[in-house]
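Let us learn to read some features of a structure, one at a time. Keep the model open as you go.

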Amino acid sequence: MNPSSRAGAADVVDVQQFLNSHPFSPYQWGIFALSFLIVLMDGFDTAAIGFIAPSLISEWGIDKPSLAPVLSAALFGLAFGALGAGPLADRFGRKWLLIGSVTLMGAASLASATSSNLTELEIWRFITGLGLGAAMPNAVTLMNEYCPDNKRSFITNSMFCGFPIGSAFGGFFAAWLIPHFGWRSLLVVGGVVPLLLVVVMLFVMPESPRFMVVRGAPVERIRKVLSRISSEARRATAFVMGETRAAVAQASGKTGLALVLSRPYIVGTVMLWLAYFSGLVIVYGLVNWMPVLFKEAGIEPARAAVIAALFQLGGIGAIFFGYLMDRFNPNRIIATGYFLTCLAVGFIGQVVGSTPMVLAAAVFFAGLLMNTAQSSMQALAAAYYPTAGRATGVAWTLGIGRFGGIAGSFFVAELARRHLPLPEVFILVGIPGLVAAAALLIKNRFSPQPDAPVSLKPTGAH
């Protein structure tokens with residue numbers, strides 16, 4: 001077990017070196033599958049409100065600006081859910097917070113389907129958002145902490161592709177479900193599936209071994225988890241975890257938000273927040289409003305929902321970005337994606353009046369760029385922070401960014417209120433891509449350089 005040993009003690013195992021030195025096991029693939037499904041339903045539930053918006057206008061006789069609060073209610077919940085869940089996960093663990101958050105999002109989505117007016121729907125969408133906001137960063141963090149270093153971004157990005165795929169499925173389901181069963185059926189699906197996932201999670205979802213080492217969990221508990229990856233873990237009598245520069249901050253007692261905002265990380269933290277915020281201005285501005293804008297442009301609602309759904313399906317490109325991020329400078333790669341997004345979003349507005357095939361291709365290409373860049377941000381944040389602050393770092397990046405989604409919804413609502421031509425609307429919505437690209441280049445300039453790994457105190461040493 002030389003790759004996993006420290007200071008010549010063959011039975012003292014470095015957790016990350018253990019993960020690096022063994023193939024990605026069926027057990028880890030199981031964690032991947034569960035995390036993927038959680039994030040997929042997160043994307044489905046988050047995007048659902050945009051696909052039912054045209055039905056709300058028709059059934060409840062409301063105008064477009066009146067939709068802005070209900071479109072943004074879940075985003076407020078997402079923001080506060082993420083901001084609160086990150087520090088709690090760094091203190092109490094990833095597993096049970098993840099189970100609780102998925103339970104909340106499923107139950108609240110079911111309750112949303114019973115709404116009889118906008119106020120009720122806003123309240124339930126906010127509560128749904130609390131669960132959604134807490135689930136996503138913890139799923140990303142848990143998956144990240146089971147990854148070997150040389151495949152971390154690739155695997156994390158692949159898992160996070162569940163979010164845009166879930167959002168796209170929302171559009172495809174909406175195009176079929178709503179005409180047959182009404183808009184409430186989409187919310188019912190978004191509630192039942194997460195609750196079924198909770199049943200599975202209660203039996204098979206593990207805790208992060210890296211978190212258990214940081215919190216001084218019993219060696220038997222860590223050994224039980226890691227032995228499912230390789231039987232070599234059964235020989236361990238103690239576990240340690242070597243980390244880079246962050247170990248110094250941990251040694252001084254900094255965890256959670258104090259670590260995330262500490263001097264070595266503050267510039268990168270703010271730039272991560274700004275980039276994610278700017279990206280979500282584009283994502284939610286378009287996801288929430290494209291079905292409505294396309295309908296007004298003369299496209300029938302079912303076709304508008306399907307074309308708009310193609311924007312989210314483009315997020316599968318994050319798998320390719322993850323491969324590149326493990327081999328090259330990840331900040332520059334994602335910045336390039338955001339820059340190209342600005343151009344591609346503006347192009348959508350130029351082809352709205354063309355054939356449906358051309359419009360669908362433009363939407364898919366813009367989504368491919370936008371969601372590839374945005375879906376890569378979670379892996380970038382997770383790699384930037386150490387274990388003692390990773391859940392907080394990821395969650396606060398997502399939480400602060402959610403306010404960009406809120407801003408995007410109101411931004412496009414204001415553009416619609418002013419009756420701007422669609423080409424101008426899409427050009428203006430694409431500009432935040434330039435801001436996100438600049439933020440990541442600044443982060444790259446000021447990011448701390450890694451030091452040699454520093455081992456933490458062994459957990460479970462006798």
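Predicted model: local features only at pLDDT ≥ 70, side-chain atom pairs only at ≥ 80, totals over all residues.

Q: What does Glu 145 do with Arg 94?
A: Their side chains meet in a salt bridge, at 2.7 Å from N to O. The two partners sit in distant parts of the chain, 51 residues apart. Glu 145 is in the loop between α5 (118–144) and α6, while Arg 94 is in the loop between α3 (64–92) and α4 (95–112).

Q: Are Glu 145 and Arg 94 buried or exposed?
A: Look at relative accessible area. Buried means under 20%. Glu 145 has 0%, so Glu 145 counts as buried. Arg 94 also has 0% and is buried.

Q: Which parts are tied together by Arg 390 and Glu 145?
A: Start with the bridge. The side chains of Arg 390 and Glu 145 meet at 2.8 Å, N to O. Arg 390 lies in helix α19 (residues 387–417) and Glu 145 in the loop between α5 and α6, so the pair ties together parts 245 residues apart in sequence. Arg 390 is buried, and so is Glu 145. Now put the pieces together: Arg 94, Glu 145 and Arg 390 form a network of salt bridges.

Q: Which residue forms a salt bridge with Asp 149?
A: The partner is Arg 152, with the closest N and O atoms 2.6 Å apart. Asp 149 is partly exposed, at 40% relative accessible area. Arg 152 has 9%, so Arg 152 counts as buried.

Q: How many of the residues of α6 are buried?
A: Count along the helix. Eight of the nine residues are buried, so α6 is largely enclosed by the rest of the structure. Among them are Arg 152, Ile 155, Asn 157 and Phe 160.

Q: What does Ser 153 touch?
A: Ser 153 is in helix α6 (residues 152–160). Ser 153 is buried, with 8% relative accessible area. Leaving out residues up to four places away in sequence, Ser 153 touches Gly 322, Met 325, Asp 326 and Ala 379.

Q: How are two packed helices described?
A: The contact is made by Leu 428, Val 429 and Gly 430 of α20, with Pro 432, Gly 433 and Leu 434 of α21.

Q: Which residues make the nonpolar surface patch?
A: For a patch, look for nonpolar side chains with over 30% relative accessible area. This patch covers about 560 Å². Phe 339, Leu 340, Leu 343, Phe 411, Leu 428, Ile 431 and Leu 434 make it.

Q: Which helix gives the most to the nonpolar patch?
A: Helix α16 (residues 330–350) does, with three residues. Leu 340 is in helix α16. At 35% relative accessibility, Leu 340 counts as partly exposed.

Technical notes. Residues numbered from 1 in each chain as written. Heavy atoms only, no water. Patch = residues over 30% accessible without salt bridge, like charges linked within 9 Å, V, L, I, M, F, W, Y side chains within 5 Å. Areas by Shrake-Rupley, 256 points an atom, 1.4 Å probe, with all protein chains shown as cover. Salt bridge = Lys/Arg side-chain N within 4 Å of Asp/Glu carboxyl O. Helix = DSSP H or I, 4+ residues; strand = E, 2+ residues; numbered from the N terminus. Buried < 20%, exposed > 50% of the residue type's maximum accessible area, 1.4 Å probe, protein only. Contact = heavy atoms within 4.5 Å.
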